[in-house]
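Notebook open, structure loaded. I want to look up the aromatic residues and then the sheet.

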Amino acid sequence: MSRFWSPFVKGLVPYVPGEQPKMHKLTKLNTNENPYGPSPKVLAAIQDELGDDLRRYPDPNSDLLKAAIADYHGVDAAQVFVGNGSDEVLAHIFHGLFQHGKPLLFPDITYSFYPVYCGLYGIPYEAIPLDESFQIRVGDYTGMKGGIIFPNPNAPTGCFLPLAEIERLLMVNTETVVVIDEAYVDFGGESAICLVERFPNLLVTQTLSKSRSLAGLRVGFAVGHPDLIEALERIKNSFNSYPLDRLAQRGAVASFADQAYFEQCQQAVVSERDKLVQALTALDFEVLPSAANFVFCRHCSRDAAALAAGLREDGVIVRHFKQARIEQYLRITVGRPEENAVLLASLQAILAN
Ligand SMILES: Cc1ncc(COP(=O)(O)O)c(C=O)c1O
């Protein structure tokens, strides 16, 4: 705190990202990164971009990337917005598309950046409780609202809401923007992008951070009606004309061109997830059904904070949220087979004591 801070800054409650430890030799299963590296074709494209052109600004509109995303998802480039990670895309959505005079609705257990953006942009919100099995009930998203947002699959639960339910929600919510945050959709969900033609108030966000192994490149995007996209472009061009640098644009385009590698990593993660769920269940964990690259689980008798601390002593980092309803849960990113083996061996040793 400093006397130079504005009252606004004093009141901000920033998001706390999962730890990115500097030490090596850790089994890092806390921030839902992909355990497999980016496509070699992405790395080659980024290498190729490293040259004299770096003295020039990148394309402010990321036209080639928008075209690649539009092509991949079967939409028009005018329906695509890109940003520096989907977090930035979400920030612009909060700023430009949610009505600030009415509460925004999102689940009580969800991505913890949403209330932070509400604080930053002065948006009131109402947290709608998930049901007792941690599922979203779309029928609860009624009444006066300035918008609706949730991840699908939800985070940190990993639970997926079928597309028919999203459609049901959209049928009765035509007057405000509905955002489906699909950061994890490639690991077992079904994208709502196919609904954007029918619902001009629907925006779907995705990221290259998870299924495309590019969290370090910072690329995210939104797909929706061109009018919604134009609002986001207006915000972006009033804030930073060049959110995606040359390397990010080249690498991201190359990622969409390597479907085989994408599918290979996706399948490897899904198959490891299934094995991890089985092994955790055998260790008396109750694991929520996950359609993401992480699992959310609680042990039948051991305290979650103590388990997280014990794992940490063994160099295994998982995520524990000190939050009502989920304080007994751990969120564990699906790692490579050898990482999952280290996690399970550590858990086994802790549970044996
Ligand atoms: C639900 C959800 N949405 C969005 C993001 C942001 O992803 P990024 O900014 O890396 O695209 C995350 C990151 O963990 C997330 O969990």
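This is a predicted model: local features need pLDDT of at least 70, side-chain atom pairs count only at pLDDT 80 or more; totals for chains, interfaces and linings use all residues.

**Entry 1: aromatic cluster**

Which residues form one aromatic cluster? I got Tyr15, Phe94, Phe98, Phe106, Tyr111, Phe113, Tyr114, Tyr117 and Tyr125.

Then I checked the exposure of both. Tyr111 has a relative accessible area of 18%, which is under the 20% cut-off, so I wrote it down as buried. Phe113 comes out at 14% and is buried too.

**Entry 2: Tyr72 and Phe262**

I looked up the total: there are 18 aromatic pairs in the structure. The one I followed up is Tyr72 with Phe262. The centres of these two rings lie 6.5 Å apart and the planes stand at 90°, so I have the pair down as edge-to-face.

Where do the two residues sit? Tyr72 is in helix α3 (residues 63–73), while Phe262 belongs to helix α9 (residues 259–282). The pair therefore ties together parts that are 190 residues apart in sequence.

Buried or exposed? For Phe262 the relative accessible area is 4%, so I call it buried. Tyr72, at 30%, is partly exposed.

Next I looked for a charge over these rings and found Arg212. It lies over the face of Tyr72, at 4.9 Å from the ring centre. Arg212 also lies over the face of Phe262, here at 4.1 Å from the ring centre.

**Entry 3: the sheet**

On to the strands. I traced an open sheet of seven, in the order β2-β8-β7-β6-β5-β3-β4, with mixed pairing. Which strands stand at the edges? They are β2 (80–83) and β4 (125–128); each has a single partner strand, so one side of each is left without a neighbour in the sheet. Ignoring direction, neighbouring strands are turned by 20° against each other on average.

What does helix α4 lie across? I have α4 (residues 85–97) across β2, β3 (104–107), β5 (147–151), β6 (178–181), β7 (202–207) and β8. It runs at about 160° to β7.

Helix α7 (residues 226–236) packs on the sheet as well, and I see it touching β2, β7 and β8. The direction of α7 makes about 30° with that of β2.

Key: Residues are numbered from 1 along each chain as its sequence is written. Side-chain values use heavy atoms; hydrogens and water are left out. Two strands pair if DSSP finds at least two bridges between them. Helices (H or I, at least four residues) and strands (E, at least two) are DSSP runs, numbered from the N terminus. Axes are lines fitted to C-alpha atoms, for helices over the stretch in contact, and angles run from 0 to 180 degrees between N-to-C directions. Contact means heavy atoms within 4.5 Å. Rings of Phe, Tyr and Trp (its six-membered ring) pair if their centres lie within 6.5 Å; planes under 30 degrees apart count as stacked, over 60 as edge-to-face and the rest as tilted. Buried means under 20% relative accessible area, exposed over 50%, partly exposed in between (1.4 Å probe, protein chains only). A charge sits over a ring if NZ of Lys or CZ of Arg is within 6 Å of the ring centre and within 35 degrees of the ring normal.
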